[in-house]
Amino acid sequence: VWAGLARGWEPMKKSIGMAALWAAIAIAIAILALPSLAAPSSGSVPGPIIVVNTWPFVNATAKAWSVLTGTGQGNKDAVTAVVEGVSICENLQCDHTVGFGGSPDETGGVTLDALVMDGDTLDAGAAVALHSTRHAARAARLVMETTNHTMLAGKDADAFAASMGLPQSSLRTAWSESAWEDWKRADCQPNYRRNVSPDPRVSCGPYRPRGDTIRGSRSAATSPLGTYGRDNHDTIAMVARDATGSMAAATSTNGATHKVPGRLADSGVVGSGAYVDTEVGGCGATGDGDTMMRFVPCYQVVESMRRGMGPKEAAEEALSRIRSRHPTFQGALLALSKAGEVGAATNCMDFRYSVASGEHDGDVRVVEVPASVPCPQ
């Protein structure tokens with residue numbers, strides 16, 4: 001640049017004069033110094049505001065949209081949007097699969113798991129196996145923003161949440177108690193036990209390991225067919241992009257109905273229940289978390305989008321990897337690119353997602369996702 005200026009100095013002096021020349025040089029230097037006109041950097045860039053979440057939990061979508069657009073109170077950032085959106089589902093006990101009072105375990109207990117991830121920093125916080133904290137997503141955000149940890153679990157996580165000002169109360173309700181009693185009257189069917197005695201298909205236990213499985217080979221883990229679906233999908237996963245281009249993701253669940261006490265959902269696992277990188281996009285998962293977390297599908301979806309795949313193609317590829325080992329597993333993936341493109345895929349499970357964007361003036365739409373591969377019978 002400077003060599004070119006030197007070669008053209010004399011002709012320019014003669015043609016436009018010294019005063020005009022110095023003014024032109026000053027303008028050029030100022031333009032080069034403007035960050036917005038320099039070469040693009042990594043990270044967020046302004047673009048479409050959009051929020052997506054698993055299932056027709058439209059109240060959650062609408063709440064997140066109101067945060068993103070400033071029609072609600074408080075900040076307009078993506079992290080606040082997903083936390084407040086998911087929290088609506090916790091309060092409403094969406095389908096009894098999110099929030100307090102749903103999905104009792106074998107003993108009738110109710111526990112919550114939640115995850116929050118910031119796509120700008122890749123910071124994440126999870127609060128899992130909560131026994132008395134109803135605001136699970138807000139607890140997860142506190143883990144992310146007030147500690148150097150990524151996950152807190154159990155009653156110690158409840159104590160942490162309480163110390164940060166979140167109220168504590170029982171998570172059981174009359175509905176969860178009734179669901180538990182009905183399950184016991186049905187000989188504890190279905191359940192998640194295997195390779196135990198007495199036979200878990202006809203007994204409520206107590207169980208002990210079967211002697212022939214301790215030293216020998218064991219069968220592959222499976223969940224009861226039909227366990228997951230519209231009435232037991234056990235997760236809201238949400239991804240949002242705000243006006244600055246920043247992205248965030250959050251999940252919340254009360255886990256699989258009649259789970260073994262102590263079981264943790266994939267929802268609280270970074271890369272499994274959700275993952276987001278503002279430079280690429282984000283992903284949320286729902287369904288059979290015990291199977292899905294072994295494949296870290298949301299991390300794979302984001303990395304596939306980083307390599308150039310669209311969100312639907314990336315979701316299909318991640319599911320196909322799981323399907324190759326577990327053809328009848330029930331689960332779905334929802335992906336959002338940094339450009340605001342949405343894609344989803346499902347396996348052996350009816351699945352719909354909710355979306356709000358400027359394209360439809362913020363109206364929440366519910367989109368049905370057809371399965372790309374028939375479920376094996």
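Is C348 buried or exposed in terms of its relative accessible area? C348 is buried, with a relative accessible area of 14%, where buried denotes under 20%, exposed over 50% and partly exposed the range in between, for a 1.4 Å probe and protein chains only. The structure is a predicted model, in which local features need pLDDT of at least 70 and side-chain atom pairs count only at pLDDT 80 or more, while totals for chains, interfaces and linings use all residues. Residues are numbered from 1 along each chain as its sequence is written, and side-chain values use heavy atoms, with hydrogens and water left out.

A search of the whole structure finds four disulfides, each defined as a pair of cysteine sulfur atoms within 2.5 Å. One of them joins C348 to C375 at an S to S distance of 2.0 Å, and with 100° about the S-S bond this link is right-handed. C375, at 28% relative accessibility, counts as partly exposed.

A further disulfide joins C188 to C204, S to S 1.9 Å, and is likewise right-handed, with 105° about the S-S bond. Here C188 counts as buried at 4% relative accessibility, whereas C204 is partly exposed at 39%.

The sulfur atoms of C89 and C94 lie 2.1 Å apart in another disulfide, which is left-handed, with -110° about the S-S bond. C89 counts as buried at 0% relative accessibility, and C94 is also buried, with a relative accessible area of 11%. Numbered in sequence order, the bonded cysteines of the chain pair as 1-2, 3-4, 5-6, 7-8.
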